[in-house]
Amino acid sequence: MMFRSLLSSIKQKYTRRGVVLMYHRIATPLSDPWELSVSPEHFEEHLKVLKAYHVISIKELADILGNKRRMATNTAIITFDDGYRDNYLAGKPLLEKYNLPATFFIPTNSIGEQQEFWWDALERICLQSPNLPDKLILEQPDNISWDIGNSGNMVSPADLYLNLCVILRKMPATQQQTFIKTLETWANNTNNRPEYFTMDKKELLDLQSGKLFTIGAHTMTHPFLPDFPYNYQKSEIQGGITHLEELTGNPIKYLAYPHGGRDQNTLDILAESGVGLAFTTDPQHFKADTDKLTIPRFQVGNWDGKTFEFHLNNWMRNNTLA
């Protein structure tokens, strides 16, 4: 028994690990409650660090996991979620400058829309409105009343934002947009910010024409899939894949779960969809025998190059968040 335990420990120590990096925006916003943005300056520092690592494409990752191939040491994959336009304007030129491959997961209903994602619109409403009203009363989906402020039993604007995120995440997309419009009227803040918009069709096609870049699916409207029944999930997943295949003319074999969410229905749908790899937001490394439909990723913060390298080395070595 001790011998088996020793062998297991040795195997664990010398098993090669890789990391999938998850970015969202290459920008410097006024506020960033979910820490989704990395400044262009810091992103370039990250790429300089990554030049010393073995950065592979998602197609190479599919080969490693599909055939359980031994990977090179210090293997990393770069991914982006949501298709923000700054990925194209700021991220693409830097990735090309350092000749590093990346995959972009695109929610199709947002392509070219002159509109913020609901979480960005909500951040604008709650955290950027110059004169937020003192009270918010909701009748739908629940009867709730909040006093807004920073003292006593009041709800702070930051807590209001988080509370409303919980409510909005459970809504289908059409209901989300109606709810956002109601909140915009309440806060007298209706100005969508172009810097938060997504790539249009022309930009997306130009992106995918480069040899370094791969387009992956991210559903149609970016729902938290476990909150919805099987048929809704299937429509979202398959609709997103079909739209991207028709737009790009290429098969779509890779998917990232919106908000990282999936349940058994999701996995069953993917098993029949032709998707080869699917990515979570679980902060762990991967190995050659990692499940192809639950590949973990580490979210990258707005760190300078030295801090990024510190995190990257820890993720490579021992799967810690330090």
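Two rings of Phe, Tyr or Trp count as a pair if their centres lie within 6.5 Å. Keep that in mind as you look over this predicted model: ring pairs link Tyr23, Phe43, Phe80, Phe104 and Phe213 into a cluster. By that rule, the count comes to 13 aromatic pairs.

Let's zoom in on one of them. The rings of Phe80 and Phe104 have their centres 4.9 Å apart and their planes at 10°, and since planes under 30 degrees apart count as stacked, so does this pair. Phe80 belongs to strand S5 (residues 75–81) and Phe104 to strand S6 (residues 102–106), so the pair ties together parts that sit 24 residues apart in sequence. How accessible are they? Phe80 is buried, at 0% relative accessibility, and Phe104 is buried too, with a relative accessible area of 1%.

Now step along to Phe105, which pairs with Phe279. Here the centres are 5.5 Å apart with 45° between the planes, a tilted arrangement. This pair links distant parts of the chain, with Phe105 in strand S6 and Phe279 in strand S11 (residues 277–279), 174 residues apart. Phe105 is buried at 0% relative accessible area, and Phe279 is buried at 0% as well.

Over to the helices. H4 (residues 85–97) and H8 (residues 201–209) pack at about 45°, their axes 10 Å apart. That angle makes H4 oblique to H8, and H4 passes H8 in a left-handed crossing. Which residues make the contact?

Definitions and conventions. Residues numbered from 1 in each chain as written. Predicted model: local features only at pLDDT ≥ 70, side-chain atom pairs only at ≥ 80, totals over all residues. Heavy atoms only, no water. Axes fitted to C-alpha atoms, helices over the stretch in contact; angles between N-to-C directions. Helix = DSSP H or I, 4+ residues; strand = E, 2+ residues; numbered from the N terminus. Parallel < 35°, antiparallel > 145°, perpendicular 65-115°, else oblique. Left-handed = near helix turned anticlockwise from the far one by under 90°. Phe/Tyr/Trp six-rings, centres within 6.5 Å; stacked < 30°, edge-to-face > 60°. Buried < 20%, exposed > 50% of the residue type's maximum accessible area, 1.4 Å probe, protein only.
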